[in-house]
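This report describes a protein chain together with its ligand.

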Amino acid sequence: MRALVDPDGVLGILPTELATARARNDHQREALLQLARANACRVKADWPCQRDAGIAARKAAEAGGDAVVALRGLVAEARAYSALKDYSRASDLLGEAELRLKQHPQPELSGDVLLGYSSMSHSLGRYAMSAQYARRGLEALGNDTPARPMQARLLRNLARAQTEMGEIADARETLRRGQAVLAGIDDPKLTAEMALEAARAARAAGDIAAQRQNGERVLGLGRELVNSQLAGLGREVLGNAAYDAQDWIGARQQYAEAVASFRALDLKRDELRVLRSQIQAEVASGAMPTESGGQLRRLFELSAEVEKADRAQSADDFDARLKYAQQEQSVAHLQREAELSRQRAQALAERNRLILWLELLTVAVLVVILVSYLQVRRAHARLQSTLTALHEREAQASSLLHMSKGCVLLHDIEGRIIMANPATATAFGGGSAEAMAGKPLQEFLPAALAGEVAAYLAKVADEGSAEGVLVVPAADGGQRNWRFASNRTEPGDARPFVVGQAVEITEQARQVEALREQGLRDVLTGAFNRREVDRFEASAAGRGWGVIAIDLDGFKQINDFRGHEHGDTVLVSMAQFIGEHVRADDSLVRMGGDEFVVLLPDATPAALEGVTERLHQHAPSAACRFSLGSALREGGESLASTLARADEAMYAAKRARRS
Ligand SMILES: Nc1nc2c(ncn2[C@@H]2O[C@H](COP(=O)(O)OP(=O)(O)OP(=O)(O)O)[C@@H](O)[C@H]2O)c(=O)[nH]1
């Protein structure tokens, strides 16, 4: 902004700032400083300076990667070439700027480019085209644009073209809009340009007052900006106003001032134009001979026509260049479009491929989810039925345990009860099954069985199982027999325990004992039979024994004379007689027929003597006479040897009795 009002000040400080930015390699700042320089040069109408600054700004911005600032530099450069009337270069650069703008849309810069085209068209006398570019520029900016100076410039160009085309009312309306836009913007050069256009339009409309007013304004701004060209233009406007008011003297004076200003600046075209007006004023005022005036008029007409023709030629060239540039743009545009549509088609194909994959993936995921769901459902159903069966079995097992007459007991390796069924609690007198839990097994068994319980626990722990019969003394003095079988859980079990079962076999044991007893007894007399001999020898092994052999005398005759049944009675009576006179531990064995043996465990000679003596002593009360012989075990002899010696002694006694 400072470049607009104080261009010299800006240009004064720029070299230092630029040097600092370059030293820091700060391309972006350098580019912005060069843009400021281009603006300041434009205000001073120093077009080569603007061109160079624009080029430098573009290069620095490109080095700094700032595409937008590079574009600004390019536009500044183009506008400078346009001002230098190098339309070919200007249009090339504007075309390039347009192309770049498609990639980096910037409404203000688009407006600037179109302003450049509009100015060039105007310079070449293509006013309709100039107006059209100006309108396009205004459209590109939009109504509410913040780029008001650019909007004002476009309005200025539009008004200028309208004036040239004779659309004076429209031109003045456009200028009013332009001035409204400019209000509040501190841009003296633009203000002056707007005033110049207003003056031209006023002249075309025959409004001398407005011409003067605008001329004064331009002149004032020229002074303010110390701009001789502006001052010259202001003088020209005032000269035109005076000319139109037929104030020939005033007109000649203003024109003369303007010519002087343009000559000092070497602005030949401006000088020629004003000089022509000045001579016309001279002629009109009669200061020149009419004849010369006629020739001069012709000269001016010709010069104006030639100028117009030159302009038309330039315009044709420009048209051709514009067309070429537009074709280039169109080709580039078409290429870009083709590339874009190729990329779009590629992207679409890629997208479709991705969508297809996505769909396939979705289907696969859905199938996996469905299969998993079905499997989970099946597993759940299986689990449910297994649980139901398990609960049923658990209930059955619990019933079995509770209803079982047999004892079921779970205990740990140390013998601590984990669980017992009611039958166990009843059998062991443990109160309730629950009360037994947590207590040691020994607590429910007599102290006398402590050793057996310890042996049982050691066996089941070491070998994994134990079974046998436990004989428990009963309160009534008898005993109860329990057959048990216990199994330990697998050795690897973290918390091993033992499942024990027991059934009471007291009655069976009693019956077995009775049967065993019967097998050892002689049916007729109740004395032991011969099997007792073997049992006795086995039980008394390693110890001493005594034997008394007894044989009835004349028993055959009893049978023969008194009958066999009586003989039986005698045998029974004799067994009773012998049993009454032997010791409680002695065994009376009927060896067969009328032969009896008394087996005396641990018998001493005195004990044997005592028994035989008692038998002899009570012999008269016996139902039958008898003979006896006795023998004590000698050394480790067999029972058969002792029996043989006792038999021998008995027979010896029988012979002695007979004789
Ligand atoms: N009534 C009866 N008689 C039996 C039984 N067993 C054997 N006898 C008889 O017992 C008799 C035994 O005869 P012996 O060996 O000669 O006995 P004994 O007549 O006493 O003669 P000695 O022994 O020499 O004194 C035989 O007549 C047998 O038939 C039995 O169970 N009941």
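How many helices and strands are there in the protein chain? The model, which is predicted, contains 25 helices and nine strands in the protein chain. Of its 659 residues, 40% count as buried. Among contacts in the chain with a separation of 6 or more, 55% are made by residues 24 or more positions apart. The chain exposes about 36,000 Å², and carbon and sulfur atoms supply 54% of that area.

**An annotated segment**

An unreviewed UniProt entry lists residues 354-374 as "transmembrane region". In the model, the chain over residues 354-374 is 100% helix and 0% strand, with its end C-alpha atoms 30 Å apart.

**Nonpolar cores**

The largest nonpolar core comprises 25 residues, and those with the most contacts inside it are Ile548, Ile550, Met574, Ile578, Leu615 and Phe626. Two or more residues of this core come from each of strand 6 (545-552), helix 22 (555-562), helix 23 (564-581), strand 8 (595-601), helix 24 (605-618) and strand 9 (626-632). Helix 23 gives the most to this core, six residues. Leaving aside residues up to four places away in sequence, Leu615 touches Ile548, Ile550, Phe577, Ile578, His581, Phe626 and Leu628.

A polar atom of the Thr145 side chain lies 2.9 Å from the backbone nitrogen of Ala147.

**The ligand site**

The ligand is surrounded by 16 residues, of which the closest are Gly554, Phe555, Asn559, Asp568 and Arg658. Strand 6, helix 22, helix 23 and helix 25 (639-658) each supply at least two residues of this shell. Helix 23 provides the largest share, four residues.

| Residue | Protein atom | Distance to a ligand oxygen atom |
|---|---|---|
| Asp551 | polar side-chain atom | 3.3 Å |
| Leu552 | backbone N or O atom | 3.2 Å |
| Lys556 | backbone N or O atom | 2.9 Å |

On its own, the ligand has 660 Å² of accessible area, and the protein covers 66% of it.

Terms used
Residues are numbered from 1 along each chain as its sequence is written. This is a predicted model: local features need pLDDT of at least 70, side-chain atom pairs count only at pLDDT 80 or more; totals for chains, interfaces and linings use all residues. Side-chain values use heavy atoms; hydrogens and water are left out. Buried means under 20% relative accessible area, exposed over 50%, partly exposed in between (1.4 Å probe, protein chains only). Contact means heavy atoms within 4.5 Å. Accessible areas come from the Shrake-Rupley method with a 1.4 Å probe; for residues, only the protein chains shown count as cover. A polar contact is a pair of N or O atoms within 3.5 Å; within protein, one must be able to donate a hydrogen and the other to accept it, and residues adjacent in sequence count only if both atoms are side-chain atoms. A nonpolar core is a set of buried Ala, Val, Leu, Ile, Met, Phe, Trp, Tyr and Cys residues joined through side-chain atoms within 4.5 Å. UniProt positions are given in the numbering used here, feature names are shortened, and annotations may be inferred rather than shown by experiment. A residue is near a molecule or strand if one of its heavy atoms lies within 4 Å of it.
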